[in-house]
Structure formats: C-alpha cells, structure tokens
Amino acid sequence: MSHPAVLETERYVTKLHAGDHTGHDMAHLDRVRRLAMHLAEGEAVDGLALTLAALLHDVEDEKLGRDKGLVARHLDTLPIDPEQRAHVLRMIEESSFSKGRSPSSRESAILQDADRLDAIGAIGIARTFQFAGARGNSLHGEGDPKSAIAHFEEKLLRLANQMHTKRARRIARERHAFMVSFLDRFEAEWTGQDI
Ligand code: ADP
Ligand code: NI
C-alpha cells in the first residue's frame with residue numbers, strides 16, 4: 001500500500017499534467033519514478049522523498065509556465081517531515097538540466113539520472129519530436145537552432161556522459177547508441193544517400 005503522501009501526489013500530478021503534449025505527461029512521471037526506484041535498488045535512500053520528487057519534478061518546469069511555489073504549497077498539505085519537504089524541494093531544484101546544478105544527495109543524483117534517461121533512447125527521440133510539434137518547431141533545417149534535430153546536438157547527445165550512477169551509465173550507453181544510429185539514418189534519408 002502506498003504512503004498517503006504518494007497517493008495524494010499521484011492525484012495532484014495526474015490532474016496537473018493531464019493533456020500535456022510537450023513530453024511532460026503522466027507517463028513521463030511514471031517512467032522517471034520507475035527508473036529512479038530501479039537505480040536506487042539496494043541502496044539506503046529515502047524512497048518516499050525520491051518518489052515524491054520524481055512525481056513533482058516537472059510541476060514548475062519553466063517551459064510550462066506555471067507558478068513558482070506550486071510544489072511548496074502542495075508539500076504543505078502532505079503528512080511528511082520538514083526535512084523531507086526540504087529534501088524534495090532541493091532535489092527538484094537540482095533536477096533542472098538548464099540550471100546545471102550538481103546533486104547534493106544520492107537521491108538527487110538518482111533523480112537527475114532517471115529524468116535524463118527518459119530524455120534519450122527511443123522514448124527520448126519520441127519526446128523530442130512531440131515537443132517540437134507542440135511548439136511548432138521544424139523537424140530539421142540548415143542553421144535552425146530550434147529544430148528537433150538540433151536539440152540532439154544541443155542537449156541529448158551529451159546526457160549519456162553525465163550520469164552519476166553505474167546503473168544509469170549502463171542503460172544510457174545503449175540508449176545513446178540507438179540515438180546515434182537513428183541520427184545517421186535520418187541524415188542519410190534527409191540527404192537522399194540511401195536512394
Ligand atoms: P525533462 O522532463 O527531462 O526536464 P525538458 O523539460 O527539458 O525535459 O523537455 C521535455 C522533453 O522535450 C525532453 O524529452 C526534451 O529532450 C524535449 N525538449 C526540450 N527542449 C526541446 C527543444 N528545444 N526541441 C525539442 N525537444 C525538446
Ligand atoms: Ni522530466
């Protein structure tokens with residue numbers, strides 16, 4: 001049986017992320033949570049704080065334009081310790097790729113790894129094109145820094161080298177190789193080299 005704070009948070013994010021088509025849907029949160037639990041297996045981590053942070057990590061994503069303070073206000077309604085509340089907030093703050101923060105706890109390192117694993121591989125490719133479609137960005141284009149393909153160089157191809165845990169590094173290696181082979185194939189078809 002799940003902790004009441006987890007049940008309450010599942011309800012909260014299910015409502016908040018409903019209808020998202022930018023790669024931040026409930027399925028992303030479920031995968032990040034599952035990946036995080038897998039990476040944490042056998043380690044003495046705060047599983048409750050990690051689960052809450054995994055579920056809440058994209059609530060205030062600036063790309064989604066939501067209020068600052070939403071997560072803090074939600075955490076105030078939960079039956080958790082003040083230290084856990086602070087830990088969850090810190091993990092979420094540190095999970096942001098654009099802020100480039102180093103994780104200050106093992107749980108935070110695991111959350112970064114889990115979120116970044118979901119941005120690479122087949123799912124990462126799919127989310128990238130979904131995001132580009134939702135924003136009206138192009139597929140690929142000479143010198144178009146906002147194209148979906150440009151996002152691979154800008155961010156996705158760098159992630160495999162930034163994993164903190166051994167398990168994530170192993171998973172990332174395979175996902176990275178798949179992206180590289182997808183990009184080779186894309187380039188070949190785009191330029192007509194395969195015809
Ligand atoms: P995360 O959930 O890992 O914090 P982001 O909020 O950065 O991810 O973005 C959500 C998804 O959209 C990710 O798969 C990411 O790679 C993709 N994405 C983010 N920015 C862009 C962009 N400019 N073009 C294409 N895809 C993007
Ligand atoms: Ni995320």
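**Domains, metal and charged pairs**

A: Domain 1 and domain 2 bury about 1300 Å² between them, with 57% of it on carbon and sulfur atoms. Buried area here is the accessible area (1.4 Å probe) that two parts lose on being put together, summed over both. This is a predicted model: local features need pLDDT of at least 70, side-chain atom pairs count only at pLDDT 80 or more, and totals for chains, interfaces and linings use all residues. Residues are numbered from 1 along each chain as its sequence is written, chains are lettered from A and ligands numbered from 1 in the order in which they are written, and side-chain values use heavy atoms, with hydrogens and water left out.

Q: Where do domain 1 and domain 2 run?
A: Domain 1 is 1–100 and domain 2 is 119–195. The bounds come from an automatic or database domain assignment.

Q: OK, the metal. Which residues coordinate the nickel ion (ligand 2)?
A: His28 (NE2), His57 (NE2), Asp58 (OD) and Asp115 (OD), at 2.1 to 2.3 Å. Donors are N, O and S atoms within 2.8 Å of the metal (3.2 Å for Na, K and Ca); water is not among the atoms, so sites may look incomplete.

Q: What spacing do the donors follow along the chain?
A: H-x28-H-D-x56-D. His28 lies in helix α2 and Asp58 in the loop between α3 and α4, so the pair ties together parts that are 30 residues apart in sequence. Helices are DSSP runs (H or I, at least four residues), numbered from the N terminus.

Q: Is His28 buried or exposed?
A: Buried, at a relative accessible area of 0%. Asp58 is buried too, at 6%. Buried means under 20% relative accessible area, exposed over 50%, partly exposed in between (1.4 Å probe, protein chains only).

Q: Back to charges. What does Arg31 pair with?
A: Asp118, in a salt bridge with the closest N and O atoms 2.6 Å apart. Arg31 lies in helix α2 and Asp118 in the loop between α6 and α7, so the pair ties together parts that are 87 residues apart in sequence. Arg31 is buried at 18%, and Asp118 at 1%.

Q: And how exposed are Lys99 and Glu93?
A: Lys99 is partly exposed at 39%. Glu93 is partly exposed at 31%. Their side chains meet in a salt bridge at 3.7 Å, N to O.

Technical notes
Helices (H or I, at least four residues) and strands (E, at least two) are DSSP runs, numbered from the N terminus. A salt bridge is a side-chain nitrogen of Lys or Arg within 4 Å of a carboxyl oxygen of Asp or Glu.
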